[in-house]
Amino acid sequence: MSDDLSTMSLSELYDEFIPPAAPADISMFPQTVGWIWLGIALCATLGFLLNLWLEYRRENAYRRAAIGALKRAGDDPAALANVLRKTALAAFPRQDVAGLIGDSWLAFLDSTAGKPLFTDTAAGTALIHAPYQSTHMPSDLPARAKEWVTSHKVQKRGGA
């Protein structure tokens, strides 16, 4: 290195420059155990919530199928009655549903819906008679059927 830096050109000064040492690489691994446990807890919580959502989807798959069948049934009261019967058989124990006819069938639909949808209505009368004879289609029957499919309450089976 020369003694007089004031007489050196810029390129000579640059040649004398000693670059600083590069800093150590920064680790991407968390430095504390708390972050690891937080990550594990977050993954477990997300897995649990995903499992709950998938269980909900599986439990209500019959409702989505019934809504599609109601759309395909259109304004045919016999087809609507058939969809409601199949939906009830999918949601409730067979021994509770299969033998219901007439007013007891309508009472079952109303009790599981939690409100009167079919009892003492033209829609209920059409629902009872449609599978056996040609009947008048009440304008509110498709809407009532869809409301029952989407809102009926199913009690958990088994020990749960």
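Serine 151 counts as buried, because its relative accessibility is 18% and the limit for a buried residue is under 20%. This value, like the others below, is computed from a predicted model. Serine 151 is part of helix H8. Leaving out residues up to four places away in sequence, serine 151 touches Arg63, Thr112 and Ala113.

When its neighbours within four places in sequence are set aside, phenylalanine 118 is in contact with Leu84, Leu106, Leu109, Asp110, Ala123, Gly124, Leu127, Leu141, Arg144, Ala145 and Trp148.

The next subject is a pair of helices. Two packed helices are described by the angle between their axes and by the distance between those axes. For H4 and H8, the axes come within 11 Å and cross at roughly 10°. Angles under 35 degrees count as roughly parallel, and H4 and H8 are therefore roughly parallel to each other. Where the two helices meet, H4 contributes Pro77, Leu80, Leu84, Thr87 and Ala88, while H8 contributes Leu141, Pro142, Ala145, Trp148 and Val149. Of the residues in this contact of H4 with H8, nine are nonpolar, one is polar and none is charged.

Aromatic rings provide a further view of the structure, in which a search of the whole finds three aromatic pairs. One of them joins tyrosine 14 and phenylalanine 17: the ring centres are 6.4 Å apart and the planes lie at 15°, so this pair is stacked. Tyrosine 14 and phenylalanine 17 are both exposed.

Another pair consists of phenylalanine 92 and phenylalanine 108. Their ring centres are 5.1 Å apart and their planes stand at 80°, so the pair is edge-to-face. Phenylalanine 92 lies in the loop between H4 and helix H5 (94-97), and phenylalanine 108 lies in helix H6, so the pair ties together parts that are 16 residues apart in sequence. Both phenylalanine 92 and phenylalanine 108 are buried. Together with Trp105, Phe92 and Phe108 form one aromatic cluster.

Methods. Residues numbered from 1 in each chain as written. Predicted model: local features only at pLDDT ≥ 70, side-chain atom pairs only at ≥ 80, totals over all residues. Heavy atoms only, no water. Contact = heavy atoms within 4.5 Å. Axes fitted to C-alpha atoms, helices over the stretch in contact; angles between N-to-C directions. Helix = DSSP H or I, 4+ residues; strand = E, 2+ residues; numbered from the N terminus. Parallel < 35°, antiparallel > 145°, perpendicular 65-115°, else oblique. Nonpolar A, V, L, I, M, F, W, Y, C, P; charged D, E, K, R; others polar. Phe/Tyr/Trp six-rings, centres within 6.5 Å; stacked < 30°, edge-to-face > 60°. Buried < 20%, exposed > 50% of the residue type's maximum accessible area, 1.4 Å probe, protein only.
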